[in-house]
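Welcome! Please take a moment with the sequence and the 3D view below, and then let us walk through them together.

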Amino acid sequence: SVHTMYTRCTHNQDSGQALSASDRLIVMAEGGAKAVNHPISPKIRIPITTSDFTPAISQLSRSGADGAVLVVFDQAAYAVISKSGQQIRTCHAAGTLSPKYLATLGPAADKLVVATAFPELSQTAQFPEVARMVAELDAEQTAGDADAADALRTTTTTTGAWLSVQIAEKVGNQVSGPLTSKNLLAQLNRTRKLDLGGIVPSLDLTATTPIPGAERIFNTTMRGARWDSASKSFVPLGPETYNGLDILRRAGS
């Protein structure tokens, strides 16, 4: 089968930094595809100034691809999904696309899958720490905190923010002397085997990855989720997890 990747690039020399970041993601996507024997071809680039995505979508449709890895901003992704989603499975990074907007696309979005670092918020039965997080959010909402409302919760931003607090507390408790930003950072930099209750694997904050520009990514375990238009939410693809760093290493070997 043919897999096509959409990339959004810029012809503006002043936006070189954005282009570099985009190209870094493209390299990682290509490496992952190579490691699982599904090379990405062709590659379709969408200029940053594009507002009409019809030519690019037509090129994708003519390619005969059965899947597209989207390395694009949300407007381009929504355009591809809405026009080609029922024929072509699309893949994006979790947290990039708005569930509120995906819900407006109807069944066209049902072939969208995302790679995510965290379990879904619905998986409270499988992950006790997710259940604790949701319970704490519910309590905050009941107490009058509008920022804890269900509609504002997402697997990526909510879980990431909540885990940040857990990390600060756990590591902060290990600091000897005054709890200053300098002392906390020093303790973080020497922390190994940080247990966060199974939401993510035990973290080694002393290790770095060999990925340029992403050296300090400490959780490289990924999960799959798919969009479900009936429930208007993402649901887990299954219990499987994937070590993203190992996949990229295989691609480079």
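This is a predicted model: local features need pLDDT of at least 70, side-chain atom pairs count only at pLDDT 80 or more; totals for chains, interfaces and linings use all residues.

Residues are numbered from 1 along each chain as its sequence is written, and side-chain values use heavy atoms, with hydrogens and water left out.

The bridge partner of His 92 in strand 5 is also Val 114. Strand 5 covers residues 112-116, and strand 4 (residues 89-93) pairs with strand 5 in the parallel sense over 4 bridges. Strand 6 (residues 221-228) is joined to strand 5 by 4 bridges as well, but these two run antiparallel. Two strands pair if DSSP finds at least two bridges between them. Helices (H or I, at least four residues) and strands (E, at least two) are DSSP runs, numbered from the N terminus. Strand 5 is mostly covered, with 4 of its 5 residues buried. Here buried means under 20% relative accessible area, exposed over 50%, and partly exposed in between (1.4 Å probe, protein chains only).

Stepping back, the protein chain has 8 helices and 8 strands. Of its 253 residues, 38% count as buried. Among contacts (heavy atoms within 4.5 Å) between residues at least 6 apart in sequence, 53% join residues at least 24 apart.

Now turn to the helices. In helix 2 (residues 54-62), the buried residues are Ala 56, Ile 57 and Leu 60. They lie on the same side of helix 2, because they cover an arc of only 100 degrees around the axis; the arc is that of the directions from the helix axis to the C-beta atoms. Gly 64 follows helix 2 and has a positive phi, near 80 degrees. Further along, helix 6 (residues 155-172) holds Thr 158. Is Thr 158 buried or exposed? Thr 158 counts as buried, because its relative accessibility is 14%. Leaving aside neighbours within four places in sequence, Thr 158 is in contact with Met 133, Leu 137, Leu 152 and Arg 153.

Next comes the loop between helix 7 (181-188) and strand 6, where you will find Ser 202. With a relative accessibility of 46%, Ser 202 counts as partly exposed. Not counting residues up to four places away in sequence, Ser 202 touches Lys 193, Leu 194 and Asp 195. A polar atom of the Ser 202 side chain lies 3.4 Å from the backbone nitrogen of Leu 194. The C-alpha atoms of Ser 202 and Arg 192 are separated by 8.1 Å, and these residues are 10 apart along the chain. Lys 193 lies in the loop between helix 7 and strand 6 too, and Lys 193 counts as exposed at 73% relative accessibility. Although Lys 193 is not a glycine, it has a positive phi of about 50 degrees.

Lys 232 is exposed, with a relative accessible area of 53%.

We finish with rings. The structure holds 2 aromatic pairs. Trp 227 and Phe 234 form an edge-to-face pair, 5.1 Å centre to centre with 75 degrees between the planes. Rings of Phe, Tyr and Trp (its six-membered ring) pair if their centres lie within 6.5 Å; planes under 30 degrees apart count as stacked, over 60 as edge-to-face and the rest as tilted. Both Trp 227 and Phe 234 are buried.

Terms used:
A polar contact is a pair of N or O atoms within 3.5 Å; within protein, one must be able to donate a hydrogen and the other to accept it, and residues adjacent in sequence count only if both atoms are side-chain atoms.
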